[in-house]
Amino acid sequence: WKTISHAAGEVPAGSPGTPNVIEVAGGTYGAAGGESFPIVMAAADVSVVGAGAATTIIDGSGAATVLSISAKGLTVQGFTVDDTSTAIGASIGGFAVRENVFSNDPDFSVGTGVRYSVNTDVSTNWSGGDVTISDNDMFVSTDGVFVSLAIGGSDLAVDLDLGSMTIEDNVIRATGTAGGIDINGVSASHVNGGSVTIGAIILQRYTVVDGGDSYHFAGSLTHLTDTTVTTGQVDLIHNSSPNSSGTAILIDHYDISTWSGTTTGTLGRVLLSLNNVINYAGGAVVISGIGPWQYLSGDASVVFNGLQIANNNNVSDFVGTGVTINYNDIGYLSGDATASVGPLSVTDFGNIVAPTLGLDININNVGYHLSDQAAVIMGDVTISGNSFDTHSRCLDYNQSRTGYLMSGGSSFESGQLIIC
């Protein structure tokens, strides 16, 4: 076949573990040579493999999207993609993107490297599939990786599985305010009598140079009745973020609202370990929200396995605060609803360098507006073995309006504050 476009249209589906392979010889592929963009990969379990990014180039010639993934089991490997708004766009998960270069020189002629976006309401079970993005080199003007998943269950007894994500060993060079890895929303809603499963979000050994926010994660789980909810851990391990103009690490963990009946949720831990942040203009590390969790009723319950920042992270922020952690708005529980917030620990930081404040922890409106037999349990807070270099304060710990505006037999329990 002369073109990748034609091969993509002709290749039959493979099978899980045994994909059909389109092998692409070295050369430059573009509209002048007969390519039609986007190149649509619609057959499941197919691998598109170039002869190597150094020799196999797809010139998008300004196309909105070069490669479009619409089936599971796809692998894209060994290409340079140039001159496009989005190098790879996906409307379903279950894909792998490996060993590619997005923009063939530092001219930032690719907007977004990988864009995975689904916004849909379903009436039957839905499974997105696991995603792996690894060993890519990106020069981007919008985002290295952008993810937005919003899956609604139409208030039916359906099972939603949004899959896991592993993003590792990538180098992202961003220009202007472009983002590095923007997991802008992983959201599930409106399930009645089914389940919601979200796998682990693993980011490790990535480097984001310059640009705006280096890493952003946000999620939400709302309007669930008699539903079982399970989310995996969110782990950021051994990453580097020099010189961002925004926030180097920004996490707004799963917002929860309107759980009723027997809905039960278990949220995996959040771990930051061995990260190196050198930030000149914006925030360094911001856990902007554990919460809000609001409007749980009946026998609804949620357990969060905790936040751990540990083992020789290094932060240098030359503008404001090194590390900010906010637990906010866990309340408006009624009936026998319960919310359990696991332990928070900040330990063994190699160094936190900041001009005004090293570590800022705020616990506000946790255990408020509780009625009937509702309960909120807050785990221990441990701050230990950290090194600070600041011109002002090493630590601010603020706890306000916790266990307040309670009625009936409701209860609030707070763990220990341990600083050593």
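How many helices and strands make up the secondary structure of the protein chain? The chain comes to 1 helix and 45 strands, where helices (H or I, at least four residues) and strands (E, at least two) are DSSP runs numbered from the N terminus. Its radius of gyration, taken over C-alpha atoms, is 23 Å, close to the 22 Å of the globule rule for 420 residues, so the chain is as compact as a globular protein of that length. That rule is 2.2 Å times the number of residues to the power 0.38.

The model is predicted: local features need pLDDT of at least 70, side-chain atom pairs count only at pLDDT 80 or more, and totals for chains, interfaces and linings use all residues. Residues are numbered from 1 along each chain as its sequence is written, and side-chain values use heavy atoms, with hydrogens and water left out.

**The chain as a whole**

Along the principal axes, the C-alpha atoms fill a box of roughly 75 × 55 × 30 Å. Of the 420 residues, 55% are buried (under 20% relative accessible area; exposed is over 50%, partly exposed in between; 1.4 Å probe, protein chains only). Among contacts (heavy atoms within 4.5 Å) with a separation of 6 or more, 83% are between residues 24 or more positions apart. The side chains include 9 positive and 38 negative ones, and the centres of the two sets lie 4 Å apart. Lys and Arg count as positive and Asp and Glu as negative, without His and the chain ends; each charge is placed at NZ of Lys, CZ of Arg, CG of Asp or CD of Glu.

**Two residues in their surroundings**

Val381 is in strand S40 (residues 381-384) and counts as buried at 3% relative accessibility. Leaving out residues up to four places away in sequence, Val381 touches Leu344, Ile363, Tyr397, Gln416, Leu417 and Ile418.

Ser109 occupies the loop between strand S9 (101-102) and strand S10 (110-121). Beyond its neighbours within four places in sequence, Ser109 is in contact with Asp82, Asp83, Thr84 and Ser103. The Ser109 side chain reaches the backbone nitrogen of Asp83 at 3.3 Å.

**Backbone geometry**

Two non-glycine residues with positive phi are tabulated below.

| Residue | Phi | Relative accessible area |
|---|---|---|
| Asp169 | about 60 degrees | 27%, partly exposed |
| His223 | about 55 degrees | 34%, partly exposed |

Asp169 lies in the loop between strand S15 (165-168) and strand S16 (171-174), whereas His223 is found in strand S21 (residues 215-225). Phe37 to Pro38 is a cis peptide bond with omega near 0 degrees; Gly291 and Pro292 are also joined in cis, at an omega of about 5 degrees.

Technical notes. Polar contact = N/O pair within 3.5 Å; in protein donor to acceptor, adjacent residues only side chain to side chain.
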